Every structure is written in structure tokens, then in C-alpha cells.
Amino acid sequence: MHGEYKTPGGKLVVVDLEVNQGRLHNVEVSGDFFLYPEETLTAIVSALEGLPAKLSEPEIASAIDRATPPGAEMLGTSPEAIAIAVQRALRDGAEGPAKT
Amino acid sequence: MNQHTPITQVVTEVDERREQRWKQYAWRLLPQTLFDPQTQVALDETLTLAVGRGDRQPTLRFWGWSSRAVVLGRFQSVRNEVNADVAAEEGIALVRRISGGGAMFIEPEGAITWSIHAPEAMVKGMTFPESYAFFDAWVIDALRELGVDAWYAPLNDITSTGGKIGGAAQARRGGAVLHHTTMAYQMNMELMGRVLRTSKEKLIDKGVKSADKRVGPLRQQTDLDRDVIIHHLIGHFRARFGLAEDTFSEEELRDAQKRVDDRFGTTDWLYFLP
């Protein structure tokens, strides 16, 4: 399952995932955003892995936000933007580029 | 006499403090040297760490491309960005760099790329977005001297009335900052369109249907040879901040080769995000 979201004036975030027993599984987050430090990506992915698929966008965003180490910087994307991409992946279902 | 400080004077003082951030260092130039794309991305890390340790003075390095390449951002997925079959057919190397940002399709004479390797102290007190604009401000000025109506478009683009020219990206390592920028000199839109996959989602916000409508390669805008433009950039930097020509040390080249072998040349690194 594949979802994309481009922050207006910012960058693209892409989420690929599966759902296993109602939970997010094999989550991959990619895109042309910037993260400092780079390891922040691992923290974001770990936060998403295993989350209940029925969570709302704000709940997903706050899980990402909580997992982000203090002092880490996201440029061009945000916990909210990543949460939108997660929701789109869950909704769109099918593999492949986002439908417009 | 006016008791308030004139606004022009305030601006000048801010500008002067920015100039001082550059002028405080004894800058070194590593002129364009041909390396394969994997070695180029490894050198970014080697030299940034060397500056962080104090083994190398802050450095401006121009890249020389020995082959066609797609250079992926640190966090991009290969399959989302590249048509791998086209890359293989056309002899286009795939590499992943250490900085975030977007994929670039590079042909040896088609782009002008440079890296700035500087102590992190140089951008102390600046936000990340401020530091992006700061590191490319001199280039904007140098382009204007060539008659290009260029400006910086946050977060990381150099653009102009003639279209987008290039983009920058940064990474931080060991107390040093890497800021590198690629500008389009001459573009092979046909091949770029085939090898790069552009997401529809991305084009929504740009409000354009085709990626080629928003680029303004420098050859088109200046009618100057690529080397003449590079020479001008170097001359501008030298006159403004000082710049002494340098060479790679044996140790730096060995370190970069080791990083290619251990990391940048491996499928684990390239397909870190498949």
C-alpha cells in the first residue's frame, strides 16, 4: 500500500506499508525531505511500525512527534504530513504512484 | 544629525557580519577533478569529516563527472524515483548521497556541482533554512554578474526569471557542515524524462504538467561555456572571501576509496530504501 503527500511549499513524503492484524507493518518512509540527524528516519519508522491502522491522522502525527528525538529537525515535511501519507496509503490500498 | 541609525546602515552591518563569517577562514579550492559518482559522494563525507577534525581548511570543491548518473537524496526510494531499466540501458550510474533532497540526473557536461565543507561554527545561530540561503548567496551574486536574473527560493532552490537553475542540500558530520549545490548547465530533457519518475503528487503543488517547463539551464541563459561559468564562480569567491588552490591528500583519496568499498558502492547503501 502506497501513499504520497507533498507539503505545500515543501517536500514530498512517500509511505509504503502493509497491514497485518489491524496494525501497520513493514513501514517504509521516503521522500525528498531533509532530516537532521539522518537517524531520525529510523525513529519515525519505528514509531509507525505496529501502530493500530485505525488511528486518526492527529494520533499518528503525535506518535511520530513523540518518537522524534529532541533537537531533531525535519525540513520540508512534518509529523502531520507523514500522517497524511500514512492515511493515504491505508485508503488507496493499491501499489503504485498516487492517483490524482 | 538623525539620532536613529539609518536603515541602510543596519542592512550593511548585517551584510558585513555575514561576509565576516566567510572571511574568517582560509578557504581552499579543490578544482574540478574527474571521479566516478560513487567516489564523489564518498569525498563529500571524507572532506567534511576532515574539516570537522581540523585536518583540512574549509574547502570549496567543484565536482567533475566521469559518467552519467542519477544521484538520489539520502531518504529517497530507488523504485519511486528511477526507471532502473532505462538507467541500465543508457549506462547511467545510480548513487545515493549523504544529504537529503531530490534526485538529480547528471550528464558530465550538463551540470555544475560544488560542495562547501565548513565548520558548523560558521552557521552558528542560524536556522537550517537560513543556512541554506547563506551558503548560496555568493552564487546568486556571481550569477547576476553574468546577467542571469537569479534569486534564492527557499528552502533550497536557485531560480531565475528564466526558470529554475539548481538546488542545494546539506548534511552535518562531526562538527562540520556539507552544503552542496547542483546547477543545470545543459539539459537532456528527453533522457531525464525517461530515467526519472516524477510523482503526480509532486506536480500538484508546482502547478505544472511537465517538469521541463520550470528549468532554466545556464547555457540557455548565458551562452557561455561551462568552464567559463565555473571560472567566474571561482573568481567571484576568491575576490570576495579569499581562496587558495589545493589538492586532495593521499590520505583523503584513500579514505574516500574505503568509503566507496564499505558503503557508497554497496547495494545495502543504494537500496537502503529500495
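Predicted model: local features only at pLDDT ≥ 70, side-chain atom pairs only at ≥ 80, totals over all residues.
Student: What are the buried residues of helix H1 of chain A, and what covers them?

Tutor: Helices (H or I, at least four residues) and strands (E, at least two) are DSSP runs, numbered from the N terminus. In H1 (residues 40–48) of chain A, Leu41(A), Ile44(A), Ala47(A) and Leu48(A) are buried. They lie on the same side of H1(A), because the arc they cover around the axis (taken from the directions from the helix axis to the C-beta atoms) is only 125°. Their cover includes strands E3 (23–31) and E4 (34–36), together with helices H2 (57–67) and H3 (79–92) of chain A. After H1(A) comes Gly50(A), with a positive phi near 85°.

Student: In what order do the elements of chain A run from the N terminus?

Tutor: The order is β-β-β-β-α-α-β-α, made of 3 helices and 5 strands. Of the 100 residues of chain A, 40% count as buried. The C-alpha trace spans about 35 × 30 × 20 Å along its principal axes.

Student: What order do the strands take in the open sheet of chain A, and which strands stand at its edges?

Tutor: Two strands pair if DSSP finds at least two bridges between them. In chain A, 3 strands form an open sheet in the order E1-E2-E3, with antiparallel pairing. E1 (2–6) and E3 of chain A are the edges; each has a single partner strand, so one side of each lacks a neighbour in the sheet. E1(A) and E2 (residues 12–20) of chain A are joined by 5 bridges, and Tyr5(A) has Val13(A) in E2(A) as its bridge partner. H3(A) packs on this sheet, touching E1, E2 and E3 of chain A, and its direction makes about 145° with that of E1(A). Here a contact requires C-beta atoms, placed from the backbone, within 7 Å; axes are lines fitted to C-alpha atoms, for helices over the stretch in contact, and angles run from 0 to 180 degrees between N-to-C directions.

Student: How many strands form the open sheet of chain B?

Tutor: That sheet has 8 strands, ordered E7-E8-E9-E10-E6-E2-E1-E11, with mixed pairing. E7 (150–153) and E11 (244–245) of chain B are at the edges, each with a single partner strand, so one side of each is left without a neighbour in the sheet. Within it, E2 (residues 59–65) and E6 (residues 111–119) of chain B pair in the antiparallel sense over 4 bridges; Thr59(B) has His117(B) in E6(B) as its bridge partner. Helix H5 (residues 128–145) of chain B packs on the sheet, touching E6, E7, E8 (157–160), E9 and E10 of chain B, with its direction at about 170° to that of E7(B).

Student: How many residues does each chain bring to the contact between chain B and chain A?

Tutor: Chain B brings 19 residues and chain A 22 residues. On the side of chain B, helix H7 (residues 200–206) gives the most, with 5 residues.

Notes: Residues numbered from 1 in each chain as written. Chains lettered and ligands numbered in written order. Contact = placed C-beta atoms within 7 Å. Buried ≥ 20, exposed ≤ 12 C-beta atoms within 10 Å, placed from the backbone.
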